[in-house]
Amino acid sequence: VTHSIPACIGSMTINGKQLDNESPVSIFAVNKCYETVQDGTFFDGSGFAALVREGYKVRSDVNITLEFRTMAAHGVLLGVSSAKVDAIGLEIVHGKVLFHVNNGAGRITASYEPRGTNSLCDGKWHKLQANKSKHHISLIIDGNLVHTDNPYVQSTSADTNNPIYVGGYPADVKQNCLTSKTSFRGCLRNLVLTKGQHTELFDFSRAFDLRGVFPHSCPGAEH
C-alpha cells in the first residue's frame with residue numbers, strides 16, 4: 001500500500017504509552033477530525049488543487065458544474081489559462097460569482113449577484129453552472145440564469161493548454177481570467193467539465209498537486 005488512508009485516527013498507544021497528537025515532530029497533509037462531516041473536498045483557504053498536468057484545452061465549448069459552500073466573500077473557484085491571453089476563470093468577489101472568458105480578443109464576464117439579503121456566502125451548498133459556447137457565455141447559480149453580450153463575436157476559441165487550478169493557484173502561475181488571488185475557503189463537490197459528449201467528473205484525491213486541500217470530507221459546519 002503506497003497511499004494514505006482517508007480516515008480519522010485517534011487515541012493511539014504504543015507499548016501502553018499514548019502518542020501526543022497535538023505536537024508532532026513533523027506533519028504533512030493531516031487535518032483535524034470533525035464530529036460531523038459531509039461528502040466533498042475541504043479547502044482551508046491557503047492553497048489550491050491542480051488537475052490535468054498535461055493541460056486542459058477549453059477551445060470553443062465547455063460546461064462546468066460544481067457545488068460550493070463557503071462563509072468567505074472572496075475566493076478563487078477555478079481557472080484555466082494559457083501563456084497568451086486565452087483563459088477562463090470562476091471566482092467569488094464581494095459575494096458575487098464571476099465567470100470570465102477570454103477567447104483571445106478580450107475578457108468578457110458574466111456576473112451573478114444574489115438579490116436582497118440572500119447570500120452565496122452563508123455556509124450552505126449552492127449549485128453553479130458556467131457555460132461557454134463559442135462566443136456566448138452564461139452562468140446559472142441555484143437555477144438563476146445570467147448571460148452577457150460579447151462584442152468579440154469573431155473570436156470563439158479559448159486556446160488553453162495549462163492545468164485546471166481549483167480553489168486558488170501558485171504565486172508564479174499566470175491566470176488571465178482571474179482578478180482575485182485569494183484562495184477559496186470552504187467546500188467543493190461534484191466538479192464536472194463537459195465538452196460535447198465527453199463528461200469528466202474530477203476526483204480531487206487524484207490531483208497532481210494539493211496544498212491546503214483535504215479531498216475526502218468537509219467539516220459539517222464552518223470552523
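These questions and answers cover a predicted protein model. Residues are numbered from 1 along each chain as its sequence is written, and side-chain values use heavy atoms, with hydrogens and water left out. Local features need pLDDT of at least 70 and side-chain atom pairs pLDDT 80 or more, while totals for chains, interfaces and linings use all residues.

Q: How many helices and strands does the protein have?
A: Both kinds of element are DSSP runs, numbered from the N terminus. A helix is H or I over at least four residues; a strand is E over at least two. The secondary structure comes to 0 helices and 17 strands.

Q: Why does the protein count as compact as a globular protein of its length?
A: The radius of gyration is taken over C-alpha atoms, and the globule rule is 2.2 Å times the number of residues to the power 0.38. For 223 residues that rule gives 17 Å. The protein is as compact as a globular protein of that length because its own value is close to this, at 19 Å.

Q: What share of the contacts with a separation of 6 or more joins residues 24 or more positions apart?
A: Contact means heavy atoms within 4.5 Å. Among contacts with a separation of 6 or more, residues 24 or more positions apart account for 73%.

Q: Is His94 buried or exposed?
A: His94 sits in the loop between strand 7 (87-93) and strand 8 (96-102). Buried means under 20% relative accessible area, exposed over 50%, and partly exposed in between (1.4 Å probe, protein chains only). With a relative accessible area of 61%, His94 is exposed.

Q: What is the phi of Asn15 near?
A: Most residues other than glycine have a negative phi. Asn15 lies in the loop between strand 1 (13-14) and strand 2 (17-18), and is exposed at 82% relative accessible area. Its phi is positive, near 50°.

Q: Which residues is Ser217 in contact with, leaving aside neighbours within four places in sequence?
A: Ser217 is in the loop between strand 16 (209-214) and strand 17 (218-219). At 28% relative accessibility, Ser217 counts as partly exposed. Its contacts beyond those neighbours are Val37, Gln38, Gly40, Thr41 and Phe42.
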